[in-house]
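Please read the following report with the sequence and the model open side by side. It takes the chain as a whole before turning to single elements and residues.

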Amino acid sequence: MGTGREEKQGCDATSVPPPHVLMLPGLDGTGSMSTPLLSALQAHRLTTQALALPAQGRQDYTTLARWLWPQLPHHPFILLAESFSGPLAVELATRQPAGLRGLVLAATFARRPVPLPAASAALLTPAWPLPPVALLARLLLGRWRTREHMSMLCDALAQIPATTLRQRAAATLRVDVRALLPGIEVPTLCLHARQDRLLWPPSVAELQALLPEARHVSLEGPHLLLQARADAAAAEVAAWMTTLSH
């Protein structure tokens, strides 16, 4: 089982504790890049956990959702997914897990996030080289990139086989969960990054159109919004959670 770090904070014994925040990480899937956001959420007296994705085996969305399902808690929780894991969270949410109280989708998509045909996934062969980290940082972080962010990105990518990353990238070109979005029955918050250089703008527009009842918030920041703007993102999540009935 690949679970990330978990930390708990106390709460007033006379009050109902807020739902636990369970985070599904981005393409790296390690959970190590979730630390900035989880720490910021803990400052709001929320309990948090990052659930790492399996580093080996098939990496298509159906297989990963099947792997994650039995690991979802039975106690009240919020499912927070960024980037790659957005479609996973949508599929899991529509299965209506007993403890699910809300869904947060951050810098993510319902179908392929770049203007390439699904058939392009076949080009992501084992021989296809991964882009240099410096280029990835420019794409994913833009002007928000720092040495700390670069180090975090390098460390996360070093933990995962390149073949696994390529399989996940290919999966994003094949996925399409738009038909599932109307089946989400819990309150939903969508965080969008205004300077996202990775997501195709129509991807954001689709989520806004297909989730009209959700709260949509656009924040200044790059694709790695939860790392570059952790405090701002956590504040939005914490404020939204106060509107939920536990």
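## Basis and confidence

This is a predicted model, in which local features need a pLDDT of at least 70 and side-chain atom pairs count only at pLDDT 80 or more, while totals for chains, interfaces and linings use all residues. Residues are numbered from 1 along each chain as its sequence is written, and side-chain values use heavy atoms, with hydrogens and water left out.

The mean pLDDT (the predictor's confidence in each residue, from 0 to 100) is 88 for the protein, and 88% of its residues reach 70 or more. Over residues 1-13, however, the pLDDT is below 50, although this stretch has 32 contacts in the model beyond near neighbours in sequence; a contact here means heavy atoms within 4.5 Å. Where pLDDT is low, the predicted coordinates should not be read in detail.

## Overall make-up

The secondary structure comes to nine helices and seven strands, taken as DSSP runs numbered from the N terminus (helices are H or I with at least four residues, strands are E with at least two). Of the 246 residues in the protein, 51% are buried, where buried means under 20% relative accessible area, exposed means over 50%, and partly exposed lies in between (1.4 Å probe, protein chains only). The protein exposes about 11,300 Å², of which carbon and sulfur atoms supply 56%; these areas come from the Shrake-Rupley method with a 1.4 Å probe, and for residues only the protein chains shown count as cover. Among contacts between residues at least 6 apart in sequence, 81% join residues at least 24 apart.

## Helix α1, strand β3 and the loop between them

Helix α1 (35-42) is mostly covered, with six of its eight residues buried, namely Pro36, Leu37, Leu38, Ala40, Leu41 and Gln42. The loop between α1 and β3 holds Arg45, which is exposed at a relative accessible area of 53%.

Thr48 itself has a relative accessible area of 0%, and a polar contact of 2.6 Å joins its side chain to that of Gln42. A polar contact is a pair of N or O atoms within 3.5 Å; within protein, one must be able to donate a hydrogen and the other to accept it, and residues adjacent in sequence count only if both atoms are side-chain atoms. Strand β2 (residues 20-24) runs parallel to β3 and is joined to it by three bridges, two strands being paired if DSSP finds at least two bridges between them. Gln49 is the bridge partner of Leu22 in β3.

Most residues other than glycine have a negative phi.

| Residue | Phi |
|---|---|
| Arg45 | about 65 degrees |
| Gln96 | about 55 degrees |

Gln96 lies in the loop between α3 (86-94) and β5 (100-106), and at 47% relative accessibility it counts as partly exposed.

In helix α7 (residues 201-210), the buried residues are Ser203, Glu206 and Leu207. Seen down the axis of α7, these residues fall within an arc of 95 degrees, so they line one face of the helix; the arc is that of the directions from the helix axis to the C-beta atoms. Their cover includes β6 (188-193) and β7 (215-219), whereas Pro201 and Ala209, on the other side of α7, are exposed.

Gln227 lies in helix α8 (residues 225-228) and is buried, with a relative accessible area of 5%. Its side chain is joined to that of Glu82 by a polar contact of 3.3 Å. Leaving aside neighbours within four places in sequence, Gln227 is in contact with Met33, Pro36, Glu82, His149 and Met152.

Trp240 lies in helix α9 (residues 230-241) and counts as buried at 7% relative accessibility. Leaving aside neighbours within four places in sequence, Trp240 is in contact with residues including Ile78, Gly102, Val104, Thr188 and Arg215. The C-alpha atoms of Trp240 and Thr188 are separated by 9.2 Å, the two residues being 52 residues apart along the chain.
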